[in-house]
Amino acid sequence: MRCDYHTHTCHSMDGHQTIAELCESEIRAGFDEVCLTEHYEPMHPTPGADIPPKLEFLLADYRAAKKLYPRLSLRLGIEIGDNPPYHDMIARWLDEWPLDYRLMSLHLVGKLDPYDRAYFSQFDDRRELAYPAYAQAILDSLRTWNPGEYDALAHLGYCGRYAPYPDERKPLLHSDAPDIIDDILRILARDGKALEINTSRFNKTKRVIPDPSIVKRFRELGGEFIMFGSDAHRPEQVGHGFEYAYQLARGFGFQYTCRFDQRRRAVIPIPD
Ligand SMILES: [Zn+2]
Ligand SMILES: [Zn+2]
């Protein structure tokens, strides 16, 4: 069974596809299940970025798509762009949504998003400072969450996506912050949470996030579950690199991925 557990539509501020367009591309790409993970970015400083989806509009579209594409199993999730000082507000907000899946993510390191050049400028572009600071922010974020409040961690290595370094120096490696990354992976493994392999730039870079050195380490530290997500914001971004990602995970000894239905997890084999 092929599942895509990271997708955005026009219900996210940066999405460029309707739910119907997403479903059409997912079916064309051979997926059986797709989970919507629209952005929720509380207090993100970029104007407009912090506006959450309107639940009633999203639900209406979601239910219509479920009827229109009965062959595709459609799930409702959210990508939580964490902002640790607002944890309690975020947790309360999430409890009001009828979610199948909660994908924990971090786009803000302090008050800056590594999407923004200013994030790197504050470190004089020094990679050896900018990358560990990002990893530490993820660790600080995870430490504020109870295990029951989320299901998986998204794109560990997001700091490299828009980083001002040559392509081969962009990925966050395990060796960039080994102790911090180990602590992150230990929390996920201990609490039975999944690590996401995100294929959003695979078409251009032939890489996934996280770097293989981190995926490998997750297994060594007892991690069991990998989620796979294309992070598609447009129809043409659906499903790239999944075969590579499946092989990568299997090659390090992972056997299982998960499906989620009203936060209940079902464990299934990673496709061949
Ligand atoms: Zn993200
Ligand atoms: Zn995303």
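## A proline in a loop

P210 sits in the loop between α7 (202–205) and α8 (212–220). Keep in mind that this is a predicted model. The peptide bond leading from I209 into P210 is cis, and its omega is near 5°.

## The sheet

Now for the strands. Seven of them make up an open sheet, in the order β1-β2-β3-β4-β5-β6-β7, and the pairing is parallel. β1 (3–4) and β7 are the edge strands: each has a single partner strand, so one side of each is left without a neighbour in the sheet. Helix α2 packs on this sheet, where it touches β2 (33–40) and β3 (73–81). The direction of α2 makes about 150° with that of β3.

A152 has A194 as its bridge partner in β6. Strand β6 (residues 194–198) is in turn joined to β7 by four bridges, and those two strands run parallel as well. Here L195 finds its bridge partner in I226 of β7.

## A closer look at β7

In a regular strand, side chains alternate between the two faces of the sheet. Strand β7 (residues 226–229) has I226 and F228 pointing one way, with M227 and G229 pointing the other way. Are these residues buried or exposed? I226, M227, F228 and G229 are all buried.

## Two helices in contact

Back to α2, this time with its helix neighbour. Helix α1 (residues 19–28) and helix α2 (residues 55–68) have axes that come within 9 Å and cross at roughly 35°. The crossing of α1 past α2 is right-handed.

Which residues of α1 and α2 make the contact? On the α1 side they are I19, A20 and C23, while α2 brings D61, Y62, A65 and L68. Sorted by class, the contact of α1 with α2 has six nonpolar residues, one charged residue and no polar ones.

## Two positive phi angles

M43, in the loop between β2 and α2, isn't a glycine, yet its phi is positive at about 65°. M43 has 14 C-beta neighbours inside 10 Å, so it counts as partly exposed.

R263 is another non-glycine residue with a positive phi, about 70° in this case. You'll find R263 in the loop between β8 (256–261) and β9 (264–269). With 15 other C-beta atoms within 10 Å, R263 is partly exposed.

How values were computed:
Residues are numbered from 1 along each chain as its sequence is written. Chains are lettered from A and ligands numbered from 1 in the order in which they are written. This is a predicted model: local features need pLDDT of at least 70, side-chain atom pairs count only at pLDDT 80 or more; totals for chains, interfaces and linings use all residues. Axes are lines fitted to C-alpha atoms, for helices over the stretch in contact, and angles run from 0 to 180 degrees between N-to-C directions. A crossing is left-handed if the near helix is turned anticlockwise from the far one by less than a right angle, and right-handed if clockwise. Two residues are in contact if their C-beta atoms, placed from the backbone, lie within 7 Å. Ala, Val, Leu, Ile, Met, Phe, Trp, Tyr, Cys and Pro count as nonpolar, Asp, Glu, Lys and Arg as charged, and the others, Gly among them, as polar. A residue is buried if 20 or more other C-beta atoms lie within 10 Å of its own, exposed if 12 or fewer, and partly exposed in between; C-beta atoms are placed from the backbone. Two strands pair if DSSP finds at least two bridges between them.
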